[in-house]
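My notes follow in the order in which I looked things up.

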Amino acid sequence: MVRACQERALSCIAAAIRPLSMMKPDRERPCRIGTRGSPLALAQATEVRNLLTAAHGLDPESFEIVVIRTTGDRVSNQPLRDFGGKGLFTKEIEDALLEGRIDCAVHSMKDVPVVQPDGLVIDACVRGEDVRDAFVSLSGGTLAEMPEGSTLGTSSLRRRAQALRRRPDLNVVEFRGNVQTRIRKLESGVATGTLLAMAGLRRLGLAGSARVVPMDVHDMLPAVGQGIIGIERREDDRVVAQLVDAVRHAETEARMQAERAFLARLDATCRTPVAGYGEVRDGRLQLTGEILRTDGSEVHAGTRAGPVEDGHALGRDLAEALLAEAGPGFLAP
């Protein structure tokens, strides 16, 4: 039975990916999708697998989800910025990709550094999810309704700075862990409320809770890449390139490219609060970005708009404008 499923899957792949001569002998096995092991990461990898099977008419057996434990997963009780920041959630997965232990990787794009290792590329994103942040508390109230001096938990410098800009009276504490862990911390009294991505809550089926209050995107600008799932592959692997091409979402990719161009030009570190959000409508892209002091005492924000194909230039231009406005040293760690 297993042999029959494998033969059927290979037959479907051969029909879906052309030219057939590009198929490698070692590809006669399920396509291996690398991911972190958190419930959200697994939900995202499953989403990508389901999109691929539907797009190519394949059986689920054609894909294997491979869990890879990253340094960011192992360091669970200390701020990641003390250990290297975003790359801690991708390095081990990218090593596995370069070594051929997996065929592609699924990432939350807000966790991916703007500079990738030589030989790897992220050139496909599936349709993005809700970009908003949500205020989550046991009471179901809003950030503005928190009693004076309340404790807010977050591991994000961006969210810390944005929250303190609105509520400088709050006590903000470090709040690491996956979504379920952070909710348990609320229940144990570590903090009164926290801020989480609506995209993650929706993918986990938790967005409908009365405890979750979405925040307007312009009241709390999201992280660069928030809500976007990217698929990473080896640059020279044309088989996987053609496989994932069927599930790519052009508008989401345009948003990602503009936001990451903005972040790259800022050359910001993991110790710098940065927010950025691109929106595509009728062939035009509007990019909004902001940089903040970590205590929320100062913010510089702006917007650029233009044709979708100019997204990279819009990102760089906006970053340069904010850097000039903020002055030397604003983004210094």
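**Entry 1: a loop residue**

I began with glutamate 309, which is exposed at 66% relative accessibility. I noted the cut-offs: buried means under 20% relative accessible area, exposed over 50%, and partly exposed in between, with a 1.4 Å probe and protein chains only. Glutamate 309 sits in the loop between β13 (299–307) and α10. I then checked its distance to arginine 284, which is 25 residues away along the chain. Their C-alpha atoms are separated by 8.5 Å.

I must keep in mind that this is a predicted model, where local features need pLDDT of at least 70, side-chain atom pairs count only at pLDDT 80 or more, and totals for chains, interfaces and linings use all residues. Residues are numbered from 1 along each chain as its sequence is written, and side-chain values use heavy atoms, leaving out hydrogens and water.

**Entry 2: the whole protein**

I counted 10 helices and 13 strands. Both are DSSP runs, numbered from the N terminus: helices are H or I with at least four residues, strands are E with at least two. Of the 333 residues in the protein, 50% are buried.

Next I looked up contacts, meaning heavy atoms within 4.5 Å. Among contacts with a separation of 6 or more, 68% come from residues 24 or more positions apart.

The accessible surface is about 14900 Å². Carbon and sulfur atoms hold 49% of that surface. Accessible areas come from the Shrake-Rupley method with a 1.4 Å probe; for residues, only the protein chains shown count as cover.

**Entry 3: strand β1**

How many of the five residues of β1 are buried? I found five of the five, so β1 is largely enclosed by the rest of the structure. In a regular strand the side chains alternate between the two faces of the sheet.

Then I looked for partners. Two strands pair if DSSP finds at least two bridges between them. β1 pairs with strand β2 (residues 63–67) in the parallel sense, over five bridges. Threonine 35 stands opposite valine 67 in β2. β1 also pairs with β3 in the parallel sense, over two bridges. There, isoleucine 33 faces cysteine 104.

β1, helix α2 (residues 39–56) and β2 form a right-handed β-α-β unit. Right-handed means that, with the strands pointing away from the viewer, the path from the first strand over the helix to the second runs clockwise.

**Entry 4: strand β4**

I moved on to β4 (residues 120–125). Five of its six residues are buried, so to speak mostly covered. Five bridges join β4 to strand β10 (residues 229–234), and the two run antiparallel. Valine 121 stands opposite arginine 233 in β10.

**Entry 5: cysteines**

A disulfide is a covalent bond between the sulfur atoms of two cysteines. The cut-off here is a pair of cysteine sulfur atoms within 2.5 Å. I found zero disulfides by this rule.

Cysteine 31 is buried, with a relative accessible area of 5%. Cysteine 104 is buried too, with a relative accessible area of 1%.

**Entry 6: salt bridges**

A salt bridge is a side-chain nitrogen of Lys or Arg within 4 Å of a carboxyl oxygen of Asp or Glu. My search of the whole structure gave 23 of them. I looked closely at a few.

Aspartate 103 forms a salt bridge with arginine 32, and their closest N and O atoms are 3.2 Å apart. This pair links distant parts of the chain, 71 residues apart. Aspartate 103 is in the loop between α4 (91–98) and β3 (104–108), while arginine 32 is in β1 (residues 31–35). Are these two residues buried or exposed? Aspartate 103 is buried, and arginine 32 is buried as well. A network of salt bridges links Arg32, Asp103, Arg234 and Asp237.

Glutamate 279 and arginine 281 also meet in a salt bridge, at 3.0 Å from N to O. Glutamate 279 is partly exposed at 25% relative accessibility. Arginine 281 is exposed, with a relative accessible area of 59%.

My last pair was glutamate 320 and arginine 316, whose closest N and O atoms are 3.6 Å apart in a salt bridge. Both lie in helix α10 (residues 311–326), four residues apart, about one turn of the helix. Glutamate 320 is partly exposed at 35% relative accessibility. Arginine 316 is partly exposed at 36%.
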